[in-house]
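Colleague: Before I read your labels, I want to know what each one rests on. Show me the model and start with how residues are classed.

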Amino acid sequence: EPFEQEKLYKEYWVKIEELTGDIAEFVRNYLILKLKIWVKKDDVYSVFKKFSTENYHKNKEGVLKDLIFFAGIYSWLIQIQNHPSSTINKELRRLNKLEFTVCHPYLLDIFNEFISGNIDEETTNKCLIIIESYAFRKILVDNTTQGLNKLFITLARDIKKEKSWKEQYINILSYLLLEKRVSQRFPNNEEFENALINKEIYKLQSKNRNFLLESLENFKSAYPINLDELTVEHIMPQTLTKDWKNKLGVNWQVIHNKYLHTLGNLSLTAKNTELSNNSFEDKQQIDFQVSKLKLNFKLDGLKIWNEEKIL
């Protein structure tokens, strides 16, 4: 009836829209959580209609109550609202920067169990750290996080198959991720370290490149910096002057091709246009020697910049 429509709209639907931003995307994740199947964007309405009819029959307020509960959790994931715990919110903010949305159905389940008292805050936070590590290792080592939708559809259910899941949640989660193979495998430390050293980090998507540089700069820092105000600096510049070629030596072309975009040759600066293709000595005086950034501290005392120093 019209009066009931108006009541439910004001009490639930408007609030759900405010909490989720993109309500269709939220409902899609909600349905994946509930049904343990992949739901395409174009199928959200038809799948939801079938789900609500079969599970709530004529109790429309019942399904809206459930939706608004999970909308509150979803708002933490996409950072419309901050989670009450600053520690947990910090991890959620990092995951949000990676735009690793494929894990959202699983995270809805984690926070449902946290709110229900089945897992504690420490366990919840450790889960987020593990998921972040998994996501970024996949990005750096495998160049993609595609194909992980199946994993996160059933991960919560697979964990709960173990009778001791409430007490052993982290151990079970870790075990399940580490036993995955092929496209779902968890890249190991050796692979990750090799990618960190040798990969052309600068050519990563800007969100992922900035995530790495910000993570390094702000690690255990009492004064975290905002990367939005800085740009990435190639210490050995993209265009080599005659002076740079002479300083690099006879193998300057090989060194330039091999290391230009690698992590060892990258830093952060607020003076990108001033640094340009200047010599290393000039860059020292302009920025590195006066920089407040931790990434630049070890550059301060150097006299030269070559293959050895980059490595």
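Modeller: Ala, Val, Leu, Ile, Met, Phe, Trp, Tyr, Cys and Pro count as nonpolar; Asp, Glu, Lys and Arg count as charged; the others, Gly among them, are polar. By those classes, the lining of the largest pocket has 10 nonpolar, five polar and nine charged residues. This is a predicted model, where local features need pLDDT of at least 70, side-chain atom pairs count only at pLDDT 80 or more, and totals for chains, interfaces and linings use all residues. Residues are numbered from 1 along each chain as its sequence is written, and side-chain values use heavy atoms, with hydrogens and water left out.

Colleague: What makes a space a pocket, and what makes it a cavity?

Modeller: Both are found on a 1 Å grid over the protein atoms alone. In a cavity, a 1.4 Å probe fits but cannot get out. A pocket is an open set with protein on both sides within 12 Å along at least five of seven lines. A lining residue has an atom within 4 Å of a point. Volume is the space filled by probe spheres set on the points, which are joined across faces, edges and corners. The largest pocket comes to about 820 Å³. Of its 24 lining residues, Arg94, Glu132, Glu214, Ser215 and Phe219 are the closest to its centre.

Colleague: Which helix gives the most to that lining?

Modeller: H11, with six residues. Helices are DSSP runs (H or I, at least four residues), numbered from the N terminus.

Colleague: How many cavities of 30 Å³ or more are there?

Modeller: The count is one. The largest cavity holds about 30 Å³. Its lining includes Ile32, Lys36, Asp109 and Phe152. By class, that lining has seven nonpolar, no polar and two charged residues.

Colleague: Why do you speak of one side of helix H9?

Modeller: Start with burial: buried means under 20% relative accessible area, exposed over 50%, partly exposed in between (1.4 Å probe, protein chains only). In H9 (residues 169-178), Tyr169, Ile170, Ile172, Leu173, Leu176 and Leu177 are buried. They cover an arc of only 165° around the axis, so they sit on the same side of H9. The arc is that of the directions from the helix axis to the C-beta atoms. The face turned away carries the exposed residues Asn171, Tyr175 and Leu178.

Colleague: What do the buried residues of H9 pack against?

Modeller: Helices H6 (104-116), H7 (121-142) and H8 (149-159). Contact here means heavy atoms within 4.5 Å.

Key:
Helix = DSSP H or I, 4+ residues; strand = E, 2+ residues; numbered from the N terminus.
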